[in-house]
Amino acid sequence: MVFHPRDPAHRGVSRRDFLRRSLAAGVALPTSAAILAACGDDGGTTPPPEEDDNTVRFGTLENPVTLQTYDDNPPIDSNLEREAGPLVIYNWELYMWKRVLKDFAKKYGVEVKYETFYNMEQAIQKFQSGEVDVDVFFPTIDYVPKLAAGKLIQPLNHDYIPNIKNLWPAMQDPYYDQGSQYTVPYTIYHTGMAWRTDIVPMEVEDVAAMSNPYEIYWNADYAGKVGIYDAYREALSLGMYRDLADQTDLNTSDPAVIDTAKERLIELNDLVGVKTTIDGAYAGVPEGKFGLHQSWSGDIQAGPWYTSDPKKEAGLLRYYWPARDGFGGTIDNDTYAIPTNAKNPVLAHLFLDFMMDEFNAIKNWTWVGYQVPFNAVNPETIFEESYPGLEGWFVWDYEAPAGSHWDNLKSTIVTEEDFDIGKRAIGLDVNVDGLWQDAYAEFKAGA
Amino acid sequence: MPTPTGGIVGQRRWYYPALAAPGILWLLLLFILPFYAIAAVAFGGRDPIFALPIPAWNPLEWQYETFSTTAGELFSSSGLQAQFLRTLAYVAVSVAICLVVGYPVAYYIARYGGRLKILLLTLMIAPFWMSYLMRMLAWVNLLAVKPEDPGLFNRLLLLTPFVNDPVNWSSGRVSHMTVILGLVYGYIPFFILPLYAALDRIDTSQLEASRDMGASPASTFWRVTLPLSKQGILAGAVIITLPMFGDYYTPNLMTASPENTMMGNAIDLALQGQGRQPQGAAITLLLSAFIGALMIYYLVSVSRAAKEAQR
Amino acid sequence: MTTAEATLPREAASPRVGRLRSFFSNPWGKPRLLSVWTWLYIIWTIAPVLIAVQFSFNDGRSRSTFQGFSLQWYESIWNEASLNFDDTLLPALTQSLKLALLTMPIATALGVGLAIGLARWRGRGSGAANFLMLFPLVTPEIVMGASMFLIFSNLYHVKLGTGAQLLGHVTFSLSYVVIVTRGRLFAIGRDYEEAAMDLGASPAGALKRILLPLLAPAVLSSFFIVFAISIDDFVISQFLCAQDCTTIPIKIYSAARNAGNPSLNALATIMMMLSLLSITVAVLILRWFNRRQGTGRSAVEDFARFEI
């Protein structure tokens, strides 16, 4: 089976063809295994040959991984004409600024469409079923090796994306995709806690002084006002940090540890009637619906915008990431990737390069609230001095008293060093993942 | 139902089935067959990379492990069982409230609507034109408690002597009430309409006859009106009960707390989860079996009632 | 309540002496108490809707504190220069309307055919078909949505999007059409048709000339119902959507979980207004039609009579 990289439409048809054939054969395995089978490889239980190694390997900080590339899924050639578009972007709601998209549309004279998904699992499912045609996709890092092994994303041709040099050096060569073969980083964030001092009367120092800052959630005084993310990895990780603030393995396959984390969450539910939300951190806490919420740094950074009166309330917001004080803390980044069946792969590359232009990236950050890992971002100064041309655009400047910023949000800035101390949640083996999800489902059942 | 007159049907035997055929075919292909897809997923496998479901279309290849584990959970002390029992309780209480609140309304419109009948019916139908989710959100905002604003509903309650502190509607025991309020609010129009139809159909001469024979209005109601509207109550109950069993957005929007999740939430979570679609499909099958049993009970009781009426 | 006086009991064609007495002895016989209850119920159902409408005019971003009157959230739907302009709102509105308008004729045609067929066809299989028809009515949407998603993506290879959503909406609303039409058929009876056929008309002729005109109100109310169901559907639309198919309910739900702003209230209000407008027009047409035909029941009543 030969793919011609310059004919993306042909790729789409071929993929559909595979699906049909695998169905006809009664296999109905619309994944790489089926693709292998359709290519005349038996793809059964015997280990596949070297060049078609489709086992999913997850890199870790200690053992970074270079993802396998495949002859039948090559990058596009250099120096191709760009397509006419429209460029279709598939991302979370509100996770990219429309004005930056418009800038791109203007620069290249194409239409840009922004399509959204509700969560990663749903996106992968629809994406993988071959029923969506998009040009740029935003997989979380745990999915990157799977998407590569499933040949659902294409290797990048770095000739089109010279701006990658603007990224922090470590980000150009991440552990989950050495050499950025399939992906480039989008935003970076850590998972800490956000609260309002008028509901949870504590300062950052008070929380840091606790023997385990994560115990802050387990406090009946805040009943009905506490929320965590409706995301199984984040929620169970919190349960794990509650027991072992500093030596938690966020990728454990030990059922006992997972079970204890689940019990902790159930306790939390009994104690405060915890809510599981998506918007609780960036909107719920600023609006006062929540007093305390698990929070990605980027979520609460946008907080001032969501308060009903920033002058009164933005100063009440607090954010704390325990890892800086020797406790455990999660850190992560999101990525861009180009699907194998993208109709506009050249345009998609140009888009990636456009978004890795410092100014565009930082402009996007000012609205989204999620930081970008660029050399031009000096964590020491960006907060006070802003970026040339974007003065006053950042959310921490939103309605702040003249000549100042919402200093209480400075801790939401992610530094390069944070990546040395933060723990990372990597992709899990299907069965281990099942343990995590079942535990989370049990918690969500409110038993 | 009118009785068939053999002659015409006999002459044009094909004509009416042909009229019905497209609709039946549509339902077979897009309603019945998809159920088979659920079974194929529940009894199927998963691919090794994304853990997405591989449906087993051939019943000979079905694997029953996931299904039996899930069914086992339902019949032992587990999260799923807790959700099922909670769903039963929510639905039972909601339907009871719909009956208590809705019966008088349907009765009033059917019997005393008079010239205002069309207006009343229009108002009754009016909520259909505002998005269900929007109506839920309207309540969420009315009930929201913030540091400086206890919410409109609380402000009203605080004016009464019974409530001194703003109630946090979305947590603790009250949260169950909040979800039930949401369910009742969302589904009650669907309960009232079939009930109204049944009440409207009651021949007033029967009531007058009862009265002429000396029955008091109360006993006329208990002995004539209520029994005659029983099918309407049942129809209304069926039409709201069964969809409620699959609801997940109402608890999600009203409280977003694990304390209030229903069966639908379990299905939703499993279907969204990586590799948990077979479990989701298994829960869906179990729920469908339960709902199917309720529906069959209803249909049997309807046909029994129809037979009694013929006698 | 002043309206209570206006609503004389229907059976009281002649003044009844015992009315005052029954007022006290029979709790259900008190139209006054019942009328208060009914109006309270109506206020309870409608007030939150009106409040949601009110917040569409809010001058602030809050959906719980009213900060003054403004049209900014309406502008955010179509005015590109507006501060809160969101270019996904108008496409969501168009998508919702497009789906509803496409679903209406298909579901109504299939449903009316099915209803007539089932009501008149007494052969083998009609019982099963009657039985089958009832299930979509009571099947939780999540079950239908999930099952269609699974079969579309695994067997039929229907591309998720407008087409898939349309199939879903028709399936979901079909039974409602059957119910409404069947109620009307039941009321009409078979006399007219049989008379026509006795005079030599074929079933098709009788259907076209006699039955369909008599069924017009039911067809119209089916249109309303299908429109209402389609435009309000969230679960099925969501399951069967991949791209270019975000409807308003999907937008509302994702915004509810992703901190929305009053532009959604504005959107929902516009939809409500459009619906109300189209219904008013339809009801007026129908009234004119009924006057000509002399068939008593109104479309609202047809709608309200949904019996299963």
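**A tour from the core to the B–C contact**

Begin by selecting B:Ile38, B:Ala106 and C:Ala268, which touch the most other members of the largest nonpolar core, a set of 296 residues. Such a core consists of buried Ala, Val, Leu, Ile, Met, Phe, Trp, Tyr and Cys residues joined through C-beta atoms within 7 Å, where buried requires 20 or more other C-beta atoms, placed from the backbone, within 10 Å of the residue's own. Next, colour helix α8 (residues 174-201) of chain B, from which the largest share of this core comes, 15 residues; helices here are DSSP runs of H or I with at least four residues, strands are runs of E with at least two, and both are numbered from the N terminus.

This is a predicted model, in which local features need pLDDT of at least 70 and side-chain atom pairs count only at pLDDT 80 or more, whereas totals for chains, interfaces and linings use all residues. Residues are numbered from 1 along each chain as its sequence is written, and chains are lettered from A and ligands numbered from 1 in the order in which they are written.

Now centre on C:Ala268, which, neighbours within four places in sequence aside, is in contact (C-beta atoms, placed from the backbone, within 7 Å) with B:Met130, B:Ser131, B:Met134, C:Ala52, C:Ile248 and C:Ile252.

Finally, show chain B by itself, with its 14 helices and two strands; 54% of its 311 residues count as buried, and its C-alpha trace spans about 75 × 75 × 35 Å along its principal axes.

Methods:
A residue is buried if 20 or more other C-beta atoms lie within 10 Å of its own, exposed if 12 or fewer, and partly exposed in between; C-beta atoms are placed from the backbone. Two residues are in contact if their C-beta atoms, placed from the backbone, lie within 7 Å.
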